[in-house]
There are 2 protein chains.
Amino acid sequence: MAVARQQDVGYDYVSDQAAASQWLSSLTPTPLPPPLTVESINPKVIKCEYAVRGAIAIRAQVLQQQLIADPGSLPFDEVVQCNIGNPQGLNQKPITYFREVVSLCDHPDLLGKPQVHELFSADAIRRAHRIIDCLTGRSTGAYSDSQGVKACREDVAAGISARDGFPASPDDIFLTDGASPGVHMVMQLLLRSEKDGILCPIPQYPLYSASIALHGGTLVPYYLDEESQWGLEITELKQQLHTARSAGINVRALVVINPGNPTGQVLSEENQRRVLQFVRDEGLILLADEVYQENIYEAGKKFHSFKKVSRAMGIGEKDLALISYHSISKGYYGECGRRGGYMEVTGFSKEVREQMLKLASVNLCSNVSGQILMSLVMKPPKAGEESYENFIKERDGILSSLARRAKVLTEGMNKLEGVTCNKAEGAMYVFPRLRFPEKVLKVAAAAKVAPDLFYTQRLLEATGIVMVPGSGFRQVPGTWHVRCTILPSEDKLPGVISRLSTFHQKFMDEFRD
Amino acid sequence: MAVARQQDVGYDYVSDQAAASQWLSSLTPTPLPPPLTVESINPKVIKCEYAVRGAIAIRAQVLQQQLIADPGSLPFDEVVQCNIGNPQGLNQKPITYFREVVSLCDHPDLLGKPQVHELFSADAIRRAHRIIDCLTGRSTGAYSDSQGVKACREDVAAGISARDGFPASPDDIFLTDGASPGVHMVMQLLLRSEKDGILCPIPQYPLYSASIALHGGTLVPYYLDEESQWGLEITELKQQLHTARSAGINVRALVVINPGNPTGQVLSEENQRRVLQFVRDEGLILLADEVYQENIYEAGKKFHSFKKVSRAMGIGEKDLALISYHSISKGYYGECGRRGGYMEVTGFSKEVREQMLKLASVNLCSNVSGQILMSLVMKPPKAGEESYENFIKERDGILSSLARRAKVLTEGMNKLEGVTCNKAEGAMYVFPRLRFPEKVLKVAAAAKVAPDLFYTQRLLEATGIVMVPGSGFRQVPGTWHVRCTILPSEDKLPGVISRLSTFHQKFMDEFRD
C-alpha cells in the first residue's frame with residue numbers, strides 16, 4: 001500500500017487525500033515557538049512598572065506626532081509635557097559656563113585657535129585646560145577610571161565639603177550616568193531574594209519600586225502624611241519596619257527622598273536627626289536621594305544633607321552606612337539628557353566597596369562629558385572669576401522663576417473643585433489630591449483603570465496636558481492624586497492652568513453625583 | 001539586694017564589681033553588626049568577575065601613581081595599558097568631524113557667532129543644525145525618547161541599510177550608553193533562574209560571563225578552535241547545546257562575537273550561514289556582538305552582519321529573533337569615554353518589544369551626546385562634503401596603522417619561546433597561547449593564582465606592561481593565554497615588544513624545568 005511505503009521513499013505513491021495531508025504535515029517541521037514571549041520573559045521585568053514613562057506618556061507621543069502630521073485635528077495646539085522633570089525639554093536654557101567648558105573639552109582643537117578668546121570666557125578656557133590635563137589620554141573619548149575621572153571626583157568632593165562644612169573624599173565618589181544607575185547598583189548589591197526589603201516612602205519616585213521589582217526584592221512602604229505637608233513620621237517608620245520584620249522580611253535599607261519627589265516637602269534638620277537615630281538604632285543603610293538639593297522655594301526652608309546632619313550629631317563615618325545620590329538632571333542646571341550623577345558612599349567596609357567598584361567596572365565607566373558636568377555643578381564659578389556674574393544671574397533667574405511657578409501652580413490647583421494641594425517647598429512637582437464623585441470611580445472601574453489614570457487620560461485627550469496619575473507613585477489606598485511638574489515657562493503656565501481649570505470643571509460637571 | 005534593684009532604677013546601688021560590670025554591659029547596647037558585609041551581599045554580585053578591570057588593572061593604577069610620586073622608583077618609566085581596548089587612552093586622536101558636530105551641539109550659541117565658519121567645517125555646522133532641530137527642546141540637555149533621539153535612530157538605520165543592502169528601521173534601534181547596557185538589558189529579560197542558559201564562546205569577552213552571573217543564569221560554553229584560527233564549529237555548538245539541555249538547562253540564546261574578542265577571528269559568510277541555520281533549527285535567539293565591524297585587517301576578510309547574511313538567505317524578520325550590538329568605542333573612532341551604542345532588535349513580538357522599551361525607560365535615556373556620536377559613526381561625511389577628504393584620511397590612517405600593529409605584534413608574540421599566536425584578523429587584540437615550564441605551574445599553584453595571572457603579574461612588575469590573563473576570558477582547561485591590545489602607538493610598539501621579549505626570556509630561564 002502506498003501509505004506504507006512513505007517511510008521507504010518519502011514521496012509519491014500516495015493514493016488517498018487524507019493520508020497525503022498527514023504525510024505532508026509530518027514532513028513540514030512544526031514551526032518552533034518564538035524563542036521569547038511575554039510568558040517566557042523574566043517575570044521580574046513584567047512586574048516592574050514605570051509610570052513616568054508609561055501609558056500616558058506613550059499616548060502623548062502619538063498625539064504629538066498627529067499634531068505635526070495634521071495640525072488642526074485635535075482640540076489643542078501643543079502637547080505640554082508636565083509628566084517628567086525635564087526642564088530643557090520645556091525650553092529652559094543651559095548654564096552658559098557649563099556648556100562652554102563641555103564644548104571645549106569635546107573639541108580641544110579650539111583651545112589652540114586665536115578666536116577661542118572671542119567665543120569663550122577666560123575661566124571656561126582655564127577650566128577646560130585643567131580638566132583635559134587630567135583625562136586619560138587627554139581625551140573625553142578615553143575610558144576613565146570606573147569610579148570616574150579623579151579630578152572630577154576631587155571637584156565633587158570639594159563641593160560637598162564646601163556645602164556641608166565637613167570633609168568629603170574623592171575616593172568615596174562614584175560618578176554615574178545620572179542617579180538611576182547608582183540606585184540600581186545598590187539594589188543589586190542588597191537584594192538577594194524577595195525576603196530582602198527596602199523601606200520606601202509612599203508616594204515615591206517609581207525608580208525605587210521599579211528597581212526593587214527588577215532585582216527581586218520587596219518594597220516595604222512607609223506613608224508620608226499628606227495632612228502635615230507630607231511629613232515623615234518616625235512612628236510610621238517603626239511600625240512598618242516592625243510589620244515587615246514580623247512577616248520575615250529582612251529590611252536592609254531606608255530610602256529618603258529629600259526634597260521629596262513627587263511630594264515636594266523639605267525635611268527639617270530635627271526630622272533628619274530622628275531619621276538618622278532610627279537607621280542607627282535599627283542597623284539600616286540610609287539611601288538619601290538628594291537630587292533636588294538646589295530646588296528649595298519656600299522661605300525659611302533649607303536643604304541639609306544627611307551626611308552633614310549626621311556628622312553634626314557626632315555620628316562618624318564608621319557608625320553610619322550612608323549613600324547620598326545627586327544628579328546633573330535637576331537643580332537650576334537641568335542637564336537631564338547629558339546623564340551625569342554621583343553617589344557618595346560612606347560607612348562601608350573596604351571589601352564591600354571593592355564589590356561596588358567591580359560592579360561599576362562591568363559597565364567600564366560613566367560618560368566622561370556627564371562626569372565633567374557633574375564636577376562643574378559641584379564646583380561652579382567663584383566670585384571674582386570672569387563668568388561669575390553671568391552664572392549667578394542665570395542660576396538665580398531660573399531658581400526664582402521656579403519658585404514663582406511652584407506658587408502659581410499650587411494656587412491654581414487649590415482653586416479646583418475637590419482638589420487640595422500641599423505647597424511645593426522644593427523639587428519640581430505639585431502632587432495635589434483629587435476627590436472624585438462616585439460616578440468617576442464607577443466609570444473608571446468599568447474601564448478597568450485607576451480613577452486618577454482615567455482623569456489624566458481625559459485631561460490629555462482634551463487639553464494636551466500630560467500629567468502622571470498618583471497611582472504610578474503609589475498612594476494611600478482610596479486616595480487619588482496627579483503629579484504635575486512646575487516646569488512650563490512663565491508665559492505658558494497661566495494658559496496651562498486655565499486649560500486645566502476649564503477641563504476640570506467640565507469633568508466634575510459630567511460626573512457629578 | 002542591689003543587683004535585684006537594677007530593674008527598678010537602672011543605676012547605683014551596685015556593691016560588687018562583677019555584678020557592676022555585668023550590669024553596665026547590659027545597659028550598653030550591643031553594637032549592631034554592619035548593615036552590609038561581603039557575606040550579606042547578593043551572592044550573584046560576588047560570583048561576577050570582570051578581569052579586564054581586575055586585580056592586574058588595579059595594581060597597574062597603583063604603580064602609575066607611584067611613578068608620578070617617585071619617578072625613579074620602578075624598573076620602568078611608564079605603565080603601558082595593553083589590557084583594555086581604549087584607543088584614545090593611548091593617544092589615538094578623535095575624528096575631527098565627529099568632535100566638531102558634538103561640540104557645536106553642546107554649545108549651540110556658537111552657531112550664531114560669525115567666527116564659527118572660521119573654526120568649524122561647513123558640513124559639521126549643517127549637521128549640527130539638523131540635529132539640534134530634532135532634539136526635544138532643541139537641547140542635548142533634555143531627556144530624549146527612551147529608545148533614543150528619533151533623528152539619530154534614523155541615521156543609524158540608514159547606515160545599516162547602506163552597509164547591508166537590506167532595509168533597517170529606526171523603530172528597531174535602541175540607542176544605549178555603549179554596548180554593555182544593551183547586553184545587560186537582554187540578559188535581564190531572558191534569565192529567570194540558573195535553569196536559563198546562554199551559549200557563549202570560550203574564550204569570551206567577560207561582559208557576558210559577568211552579566212549572566214549578575215542576572216543569575218548559566219553560561220553554556222562553546223569552545224572556539226584555536227588550531228583552526230579560533231574557528232566556530234557547528235558540531236561543537238550542537239554538542240554543547242545537547243549537553244546543557246540534558247542537564248535541564250533551558251538554553252535561550254547564542255552569543256557570537258564577530259570579529260572576535262579576545263580572539264580576533266573574522267567569520268566567513270559560509271560559517272555565518274551555518275550558525276544562522278543552527279539558531280533557526282534550535283529556536284534560539286541570536287545575540288550578535290558586532291562592535292568590531294570596522295576593525296578588519298586581514299586581506300580577503302570582510303565583515304558581514306548577521307542580519308545581512310540572514311536576509312540574503314531569505315530568512316525574514318519573523319523567522320529570526322536577532323539582536324545586533326554596536327558601539328562608538330571601537331572601530332577607527334574609539335570614542336570609549338563618550339558611551340554610545342545601539343542594539344538593532346528584529347524578530348520579536350510587539351509585546352516583547354514593549355517590555356524592552358519599559359526597561360529602557362527605567363533609566364530614562366542614554367546620554368544624548370553619545371547618541372549623536374553613534375549617528376555620526378553610522379552616517380559619516382559623504383563624498384563631496386567639505387569634511388570628506390579629511391575624514392577619509394583620518395579614518396584610513398588609523399585603520400591602516402592598526403593593521404600594521406596587529407601584524408607586528410603577532411609576529412613579535414610568535415618569536416617568544418613557547419608562544420603561538422593566531423593572526424588578529426580583526427578587532428583590537430592578540431590572544432597568544434603560552435606554554436609554561438612545569439615549575440611555573442607549581443609556583444603559581446603555591447601562590448594560589450592561575451599561571452597566566454602569575455605571568456601577567458610578573459610582567460607588570462618588571463616592565464609596566466599591562467595584559468589580561470587568559471583565565472579572565474576562560475579558555476580550554478590546562479591552556480594558558482594572555483590578551484594584549486594592538487593599541488600602543490607605532491613609535492612605542494617596538495619598545496613594548498622588546499621589553500616583553502626580554503622579560504619573557506628571563507621568565508622562561510628562571511623557571512626552566
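Mentor: Domain bounds here come from an automatic or database domain assignment. The model is predicted, so local features need pLDDT of at least 70 and side-chain atom pairs count only at pLDDT 80 or more, while totals for chains, interfaces and linings use all residues. Residues are numbered from 1 along each chain as its sequence is written, chains are lettered from A in the order in which they are written, and side-chain values use heavy atoms, without hydrogens and water.

Trainee: Which segments make up domain 1 of chain A?
Mentor: The assignment gives chain A a domain 1 and a domain 2. Domain 2 covers 143-378. Domain 1 is written as 49-91 + 391-511.

Trainee: How many residues of domain 2 of chain A take part in the contact with domain 1?
Mentor: The C-alpha centres of the two domains lie 27 Å apart. Contact means heavy atoms within 4.5 Å. Domain 1 of chain A gives 34 residues, and domain 2 of chain A gives 36 residues.

Trainee: What area is buried between domain 1 and domain 2 of chain A?
Mentor: Buried area is the accessible area (1.4 Å probe) that two parts lose on being put together, summed over both. Carbon and sulfur atoms give 55% of it here. On the domain 1 side, Asn422(A), Glu425(A) and Arg474(A) lose the most, together 23% of what that side buries. The area for the domain pair is about 3000 Å².

Trainee: Which residue forms a salt bridge with Glu425(A)?
Mentor: A salt bridge is a side-chain nitrogen of Lys or Arg within 4 Å of a carboxyl oxygen of Asp or Glu. The rule finds two across this domain interface. In the one with Glu425(A), the closest N and O atoms are 3.7 Å apart, and the partner is Lys301(A).

Trainee: How many residues of chain A are in contact with chain B?
Mentor: The two chains bury about 7400 Å² between them, 57% of it on carbon and sulfur atoms. Arg53(B), Leu119(B) and Tyr143(B) supply 10% of the area that chain B buries, more than any other three residues. Chain B brings 91 residues to the contact, and chain A brings 91.

Trainee: Which residue meets Asp106(B) in a salt bridge?
Mentor: Two salt bridges are counted between chain B and chain A. In one of them, N and O are 2.6 Å apart, and the side chain that meets Asp106(B) is that of Arg338(A).
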